[in-house]
Amino acid sequence: MEKTKKRASYWWDWLILLAALTLSLGALFFANDARTLGGLHTLNLEIVGRMTAPLAKLRGYFGLGGENRKLRELNAVLQLKNAQMAEAWYENGRLRQLLGFKMTAPYNLIAATVIGRQQQPGMAPLIVDAGAGEGVRVNMTVVAADGLVGRVIEVSPTYSLVQSYDDRAFSCAAVIQRNRLEGMFKWEGYNRGLLTGIYLSGDVRKGDVIVTSGTNSIYVPGLKLGVVSSIDDAEAGMYRRIYIETKVDITRLREVYIIQGSAGERPR
Amino acid sequence: MNFIYYLIMVAVALGLQHGVSDLVAIAGVNPDFLLIAVCAIALYAGRGQGTIWGAAVGFIEDSLTGGLIGSHAFVLSLVAFIAGSMMSYRSLQSAYSLTAGLIVGLLALVHNLFLYLLNVHGAAGWLTGLLMAVFLPAVYTLFWALIIFAVVPESIWEKIYKTEPSTLF
């Protein structure tokens, strides 16, 4: 009797494994359409967001002293820059009026706190505490003080999932700010980004600032991605291999801003 | 009753994985608390129940990573089955800390290798990829597994492990 029970349990275990593997392989092949599991994504995000939120306070205590000192310095610099830019803004407005150009208002920002991050090499979305209730929608651009963070890929009523620029699936149209040469920014892996699509004859220099171009209708234009750290023409084919040092430290990110609207929409 | 313990384990692991794992990262290498939780369940409950929990946790992970739905579910089911097969209920009671920790470390290698093969990691070289995505995270997960298995009071482990496993959950 005991032997029969043990034998049944043995085959039962194998049957469970077979079912689990079949189900997961089936999902791998047939359920990777975003529409199929949209509701499950939202439900999971809401549940995990609620479980992670109490731990979010811990994040604030790591490196708080150093961060405060840096922020005070940055505040002083930004106050000076702000004064200069305010002057330039009014001057720009007057000139636009003279030329008959339409004025554009700044984008609306939704402030959010990073409460968690999935950690798998190559795909590490952020969980932020702003969701559909605050007006967040899929594909909205997410920024931090130093530049682009990524885009919203999933929204639940109270939380959102953000695909950061260091995700293996991330890519965005980018330009070199100095001469408007356009390329495609991708995450090269582990420490740096890669700008591709610029011909060998393209004028690129170390230290050039790379910003979003806004031509792929998701990311708003002009957001800083990073600076050119090195160029490897020896490994290049038709296009230059331009390595980018990004400026936003995703691992230490706490506050982010979600831009309402996308590159395809007019700013409000 | 066991179901509640396992549910708490998974909830805590999910909270740690998404809330604090990047804060304890060293040079971009993170521990995998979910893998530790799934292995802990499989080590005690056996490979059948472990596989079910592995698949369930894997699907939750899949829906949160933005990656391929089914990839974590596939790997965690397999890893849980191996963990459950490697350690019997009785031997675990006498050597849960070191042996269980080492099993988790070994399975972390298998787990990371599968995920590495299923997902293309940017344009970095394969050797760097293997080191950063497979080997180092496995070592760091082993480190955390040993700490967790050793630091969590023996009375709690005994409370969990001395409860006879139910037929399912």
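The exercises below work through the two chains of a predicted model.

Residues are numbered from 1 along each chain as its sequence is written, and chains are lettered from A in the order in which they are written. Local features need pLDDT of at least 70 and side-chain atom pairs count only at pLDDT 80 or more, while totals for chains, interfaces and linings use all residues.

**Exercise 1. Chain make-up**

Task: State how many helices and strands chain A has and how many chain B has. Then give the buried share of chain A and of chain B.

Solution: 
- Step 1. Helices (H or I, at least four residues) and strands (E, at least two) are DSSP runs, numbered from the N terminus.
- Step 2. Chain A has four helices and 12 strands.
- Step 3. Chain B has seven helices and zero strands. Its pattern along the sequence is α-α-α-α-α-α-α.
- Step 4. A residue is buried if 20 or more other C-beta atoms lie within 10 Å of its own, exposed if 12 or fewer, and partly exposed in between, with C-beta atoms placed from the backbone.
- Step 5. Of the 268 residues in chain A, 35% are buried. Of the 169 residues in chain B, 57% are buried.
- Step 6. Two residues are in contact if their C-beta atoms, placed from the backbone, lie within 7 Å. Take contacts in chain A with a separation of 6 or more: 58% join residues 24 or more positions apart. In chain B, among contacts between residues at least 6 apart in sequence, 69% join residues at least 24 apart.

**Exercise 2. Packing around α2(B)**

Task: Describe how α2(B) packs with α4(B), with α1(B) and with α3(B).

Solution: 
- Step 1. Two packed helices are described by the angle between their axes and the distance between the axes. Axes are lines fitted to C-alpha atoms, for helices over the stretch in contact, and angles run from 0 to 180 degrees between N-to-C directions.
- Step 2. Angles under 35 degrees count as roughly parallel, over 145 as roughly antiparallel, 65 to 115 as roughly perpendicular and the rest as oblique. A crossing is left-handed if the near helix is turned anticlockwise from the far one by less than a right angle, and right-handed if clockwise.
- Step 3. Helix α4 of chain B spans residues 71–86, and its axis lies 8 Å from that of α2(B), at an angle of about 40 degrees. The two are therefore oblique. The crossing is right-handed. On the α2(B) side the contact uses L35(B), V38(B), C39(B), A42(B) and L43(B); on the α4(B) side it uses L76(B), V79(B), A80(B), A83(B) and G84(B).
- Step 4. Helix α1 of chain B spans residues 2–19; its axis comes within 8 Å of that of α2(B), crossing at roughly 165 degrees. So α1(B) is roughly antiparallel to α2(B). Their crossing is right-handed. Among the α1(B) residues in contact are Y6(B), M9(B) and V10(B), and those of α2(B) include F33(B), I36(B) and A37(B).
- Step 5. Helix α3 of chain B spans residues 47–65; its axis comes within 7 Å of that of α2(B), crossing at roughly 160 degrees. The pair is therefore roughly antiparallel. This crossing is right-handed. V38(B) and A42(B) are among the α2(B) residues here, and W53(B) and G54(B) are among those of α3(B).

**Exercise 3. The largest nonpolar core**

Task: Find which residues of the largest nonpolar core touch the most other members, and which helix gives the most to the core.

Solution: 
- Step 1. A nonpolar core is a set of buried Ala, Val, Leu, Ile, Met, Phe, Trp, Tyr and Cys residues joined through C-beta atoms within 7 Å.
- Step 2. The largest has 107 residues, and I36(B), V38(B), C39(B) and V79(B) touch the most other members.
- Step 3. Helix α2 of chain B (residues 33–45) gives the most, with 13 residues.
- Step 4. Chain A also takes part: domain 1 (57–165 + 251–259) and domain 2 (171–247) each supply at least three residues. Domain bounds come from an automatic or database domain assignment.
- Step 5. Leaving out residues up to four places away in sequence, V79(B) touches L35(B), V38(B), C39(B), G54(B), L107(B), V110(B) and H111(B).
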